[in-house]
Structure formats: C-alpha cells, structure tokens
Amino acid sequence: LFSTADATPLEILEAWAVPVCGSLLAVEMLSRILGCKSAATARNATLVGAGLYLAVGVIPVVLGLAGPTIAPGLEEPEQLVALLAEQHLSTFLYVLFVGALISAILSTVDSCLLAAASLVSHNLIVPLRPTLTDRHKILTARVGVAVFGLLAYVIALHAGGIYELVATASAFGSAGIFVVGLFGLFSRVGAASSAYAALIAGIVVWAAGEYWLEWSTPYVASIAAALAAYLVAAVVAARGAR
C-alpha cells in the first residue's frame, strides 16, 4: 500500500483498476449467469447478488476504517476482525465465527481451483484433443485442480499478506478477460484469435511487470498490452478474411 499523497496518477489508477477491473468479470458471476435458464433470471440474479455483496461487504470496510480507533497500535492490521470477535463475542459465538471464516476460505479456494481447472480443460485441452473420452476429460480436470493447487500454494508462500494475495488473485489473468469481455459484449470487433492474443498478452505483461521488472503499475500495463494485442489481432484477422 502507498499514501495517495506520494502516489502518481498511474499508481492511483493501478490501485483502483485491480479490484474493479479484476472483479468485473469474476468467475463466480460468469458461472451463475451461464447457469441461469433465461436472460431475465441472469440479470436479476446479478443485480441481487451485487446488492448483497455491497451490503455485506460494507461491514468489514467500516470495521477496517474504524480499526485505528478501536484497536490502536495493532501489529497485524489484517487480524483486526478476528481480534474484535475474540474480544466481544462469547466463546461459543467465537468458535462459530472461526468455523464460518475457515469454511468461507475453503469454499472460495475450492471454487477457484475447480473453475480454473474446468476452464483450462474445457477451453484449451479438449479443443486440442477432441478425441478424448469422458473419462480422460474428468482426469484432465482433476490433474488441473492438483496443478493449480500447487501453484496457489507457491504463490501463498511468497505473499506478504492477505491483501497482497487478494490483489494477486484479482490481477492474475484478468486484464485480458476484461478487454475480451468488453469487446464481446459491446462490439463486433475481433475474432477468436483476438481473444487469445489479448489473454496471452495480458497475463505475460502482468507477470513480467509484477515479478521480474517490478513495475509500479503492472496491471495498468497489462490492460494496455491486452487492448493493443486484441486490436492488432483483429486487424490481422480482418485482412486475412478479405
């Protein structure tokens, strides 16, 4: 984190872009939309879910803003909510709180691993190997869960805290998804090759800027790279179709 007084406009844009653009086309939202029986149900479910998300999400935000007053000098700011629960809840309610917290974390991890493995298996491996049997498709998805689980474990070992992990999860690969989603929803520009180019460019530029080049705004750079890659691939595809 940085103070806005010392931050450049691009750094401020980076701080806002990661949670906003990274969550705009989240896996949870897409899976629920695609699973609805009609467009009206998908729209209403999305609006209701967004309302609940804001209503429930404002609780930890308020606690976090009040944290310096409620618990001044706290060494680990990310432990504020747990500390308040321990201080103000009975033993029984505190046990329920911890159990619910662990359950929510495991449920989120489980959903993310299954979604990542399913997307790779269904959208990448199966089109490349259309002769795979149902048994091998399931085996591919299971192997994907194990591989992504190990990758998540390695990322968690090198993370500086929960905030950094959340930011990494929001930024990882989402720049390309954000660009592809906007073009797919609001324009007829581009083709499948444009989407692949944007996804690859977005994740490569973000990973390089985040882990090797140590840019201050790797996510903004990845969005720009994904946008450029999408447009270039769209132009090439349009000329090839003539």
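Buried means under 20% relative accessible area, exposed means over 50%, and partly exposed lies in between, as computed with a 1.4 Å probe on protein chains only. The model is predicted, so local features need pLDDT of at least 70 and side-chain atom pairs count only at pLDDT 80 or more, while totals for chains, interfaces and linings use all residues. Residues are numbered from 1 along each chain as its sequence is written, and side-chain values use heavy atoms, leaving out hydrogens and water.

**Exercise 1.** Classify Trp 206 and Tyr 211 by accessibility, then describe how their rings are arranged.

*Solution.* Trp 206 has a relative accessibility of 3% and therefore counts as buried. Tyr 211, with a relative accessible area of 44%, is partly exposed. Rings of Phe, Tyr and Trp (its six-membered ring) pair if their centres lie within 6.5 Å, and planes under 30 degrees apart count as stacked, over 60 as edge-to-face and the rest as tilted. The rings of Trp 206 and Tyr 211 are 5.6 Å apart centre to centre with 90° between the planes, an edge-to-face pair.

**Exercise 2.** Describe the surroundings of Ser 121.

*Solution.* Ser 121 is found in helix H5 (residues 91–128), where helices are DSSP runs of H or I with at least four residues, numbered from the N terminus. With a relative accessible area of 6%, Ser 121 is buried. Leaving aside residues up to four places away in sequence, Ser 121 touches Val 126, Lys 137, Thr 140 and Ala 141, contact meaning heavy atoms within 4.5 Å.

Technical notes. Helix = DSSP H or I, 4+ residues; strand = E, 2+ residues; numbered from the N terminus.
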